[in-house]
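The sequence and structure come first.

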Amino acid sequence: MATATEDFVEADLNYLAYDGRRPVNYAYPPPAGIPQSNVTFVPHHVRIENGRALGERPSLHRQGFELREHRSAVQDFSEETVIRELALCDARSISRDDLIASDLVYRDKVGETYAFRHNPNHRWFYFPEVRPDEVVLLKIYDSLVTGAARLTAHTAFDHPNTLPNAAPRRSIELRTLVFWPATRGAE
């Protein structure tokens, strides 16, 4: 069940049902007898604010995400070969205890990501009607400890005003690593 207004919507977001075990997800079919994942999620009904309706625009530095205008050189986002060549949580509302280190198992390595445990203090945002000339940037991890947002969580949700026959929303996620010189803290 979800409700909507002009400035926010309410919807269910899936959070980790943490049982003390380290979450594990396989990025490929796992060995026989091992489940694809040992993760269980539980929905929590939350308020998700319209990021466009805020007086002060969210920023990577403060909230860990922002909306920017950007005209892509890609003309047809439905063409798979071209493509290969969005709720956001305010970083200031995330406690260190909300982040549960998790294994992402590949055939040749094990990566670490975070699963996200529910906290009623989380402040969620979304940007309705994102245009093709807009992008949402979000911070996955910043090693610098300066008081700026170090990371944020993001997820999908069912918008309560979506028409039953509407085409599903699509997004393209692109991860970029940025390395700064060791003198960055002096800025």
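Is Arg-68 buried, exposed or partly exposed? Arg-68 is partly exposed, with a relative accessible area of 44%, where buried means under 20% relative accessible area, exposed over 50% and partly exposed in between (1.4 Å probe, protein chains only).

The model is predicted, so local features need pLDDT of at least 70 and side-chain atom pairs count only at pLDDT 80 or more, while totals for chains, interfaces and linings use all residues. Residues are numbered from 1 along each chain as its sequence is written, and side-chain values use heavy atoms, with hydrogens and water left out.

**Fold elements**

The chain has one helix and 10 strands. Helices (H or I, at least four residues) and strands (E, at least two) are DSSP runs, numbered from the N terminus. Read from that end, the order of elements is β-β-β-β-β-α-β-β-β-β-β. Of the 187 residues in the chain, 29% are buried.

**Nonpolar cores**

A nonpolar core is a set of buried Ala, Val, Leu, Ile, Met, Phe, Trp, Tyr and Cys residues joined through side-chain atoms within 4.5 Å. The largest one has 16 residues, of which Leu-13, Ile-48, Phe-116, Trp-124 and Phe-157 touch the most other members. Two or more residues each come from β2 (8-16), β4 (41-50) and β9 (124-126). The largest share, four residues, belongs to β2.

Residues up to four places away in sequence aside, Ile-48 touches Phe-8, Val-9, Ala-11, Leu-13, Ala-87, Trp-124, Phe-125, Tyr-126 and Phe-157; contact here means heavy atoms within 4.5 Å. Another core, of five residues, lies apart from the largest one and includes Phe-65, Leu-88, Phe-125 and Phe-127.

**Salt bridges**

The whole structure holds 12 salt bridges, each defined as a side-chain nitrogen of Lys or Arg within 4 Å of a carboxyl oxygen of Asp or Glu. Three of them are tabulated.

| Pair | N to O distance |
|---|---|
| Arg-68 and Glu-66 | 2.4 Å |
| Glu-69 and Arg-131 | 3.8 Å |
| Asp-142 and Lys-139 | 3.3 Å |

Glu-66, the partner of Arg-68, counts as buried at 10% relative accessibility. Glu-69 is exposed at 65%, whereas Arg-131 is partly exposed at 36%. Asp-142 and Lys-139 are both buried.

Which residues are linked with Glu-134 in a network of salt bridges? The network joins Arg-52, Glu-69, Arg-131, Asp-133 and Glu-134. Glu-134 is found in strand β10 (residues 134-138) and is buried, with a relative accessible area of 8%. A polar atom of the Glu-134 side chain lies 3.0 Å from the backbone nitrogen of Arg-131.

**Second largest pocket**

On a 1 Å grid over the protein atoms alone, a pocket is an open set of points where a 1.4 Å probe fits, with protein on both sides within 12 Å along at least five of seven lines; lining residues have an atom within 4 Å of a point. The second largest pocket has a volume of about 960 Å³, volume being the space filled by probe spheres set on the points. Of its 28 lining residues, Thr-113, Tyr-114, Ala-115, His-154 and Arg-175 are the closest to the centre. The elements giving two or more residues to this lining are β2, β7 (99-105) and β8 (110-116), and β8 gives the most, with six residues.

Key. Polar contact = N/O pair within 3.5 Å; in protein donor to acceptor, adjacent residues only side chain to side chain.
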